[in-house]
Amino acid sequence: MIRQNGKHLLFALGLGFGSLTTQPALAFNDPDWPCVQRKVVQLSIGQMWTAPLPPEGASWRDDADIARLAPLLAARRTTLEEAETMIAEFAEGADRDARLTLLFDGIFSIIERDRRRLIDGITRYALKQRALSEKIDADQAEVAALKEETAEDDFDALDKLEEREDQLVWDTRIYQDRNKSLTYVCESPVLLEKRAFALAQLIQAQLKS
């Protein structure tokens, strides 16, 4: 019967009418952090840049060439091979070391900004998943109770029950689809961190001192 399809599909999704729990929070410093990777809110430029830092007050945005190049190098669509060529060409200009240092300062600032936005987005994502999980748990309990109370010849009530089951199946699919994409989402801040480190190595290789 059609009215059994929702129930059967729920079991096929591995849920039945039992409890649907959220993913465990694996960050030691944030119970809402859903990723395997430890949550590090802010990176330090000193973690990847071993050369002297720009003098206080110097801004990479004040150099038109650096302001143009830094976003290109920070963007993941630019391959590291392309970045290496761009950096080498840039290093042929005057004030080589000072400008290369400012260039990485700009790259780091852009990557760190984007990375922090991703981390904030992941936290919001996890909170939405938790809220949806709690809704599914409550709806499962309510549907189970309705099934016990609804008479087999009460067709209006059975139709409403079927609608509730269909909505439960839909919410469950959304929850599971989002969980599948969470692995990729969680890797994004790590990929940005790795890119910053790789670009630091490429730029420092061009320094004279």
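Which residues have the most contacts inside the largest nonpolar core? They are Trp49, Leu100, Leu103, Phe104, Ile107 and Ile203, in a core of 30 residues. The structure is a predicted model, in which local features need pLDDT of at least 70 and side-chain atom pairs count only at pLDDT 80 or more, while totals for chains, interfaces and linings use all residues. Residues are numbered from 1 along each chain as its sequence is written, and side-chain values use heavy atoms, with hydrogens and water left out.

**Nonpolar core**

- A nonpolar core is here a set of buried Ala, Val, Leu, Ile, Met, Phe, Trp, Tyr and Cys residues joined through side-chain atoms within 4.5 Å, where buried means under 20% relative accessible area, exposed means over 50% and partly exposed lies in between (1.4 Å probe, protein chains only).
- Helices are DSSP runs (H or I, at least four residues), numbered from the N terminus.
- Leaving aside residues up to four places away in sequence, Trp49 is in contact (heavy atoms within 4.5 Å) with Leu100, Thr101, Phe104, Ala200, Ile203, Gln204 and Leu207.

**Salt bridges around Arg99**

- The count comes to nine salt bridges, each defined as a side-chain nitrogen of Lys or Arg within 4 Å of a carboxyl oxygen of Asp or Glu.
- Asp63 and Arg99 form one of them, at 2.9 Å from N to O, and this pair links distant parts of the chain, since Asp63 lies in the loop between helix H1 (5-12) and H2 whereas Arg99 lies in helix H4, 36 residues apart.
- Both partners are buried, Asp63 with a relative accessible area of 18% and Arg99 with 17%.
- Arg99 also forms a salt bridge with Asp65, whose closest N and O atoms are 3.5 Å apart; this pair again links distant parts of the chain, with Arg99 in helix H4 and Asp65 in helix H2, 34 residues apart.
- Asp65 counts as partly exposed, at 40% relative accessibility.

**Salt bridges around Asp139**

- Asp139 and Lys135 form a salt bridge in which the closest N and O atoms are 2.9 Å apart, and both residues lie in helix H4, four residues apart, about one turn of the helix.
- Asp139 is buried, with a relative accessible area of 15%, whereas Lys135 is partly exposed, with 39%.
- A network of salt bridges links Lys135, Asp139, Glu142, Arg164 and Asp171.

Note on methods
Helix = DSSP H or I, 4+ residues; strand = E, 2+ residues; numbered from the N terminus.
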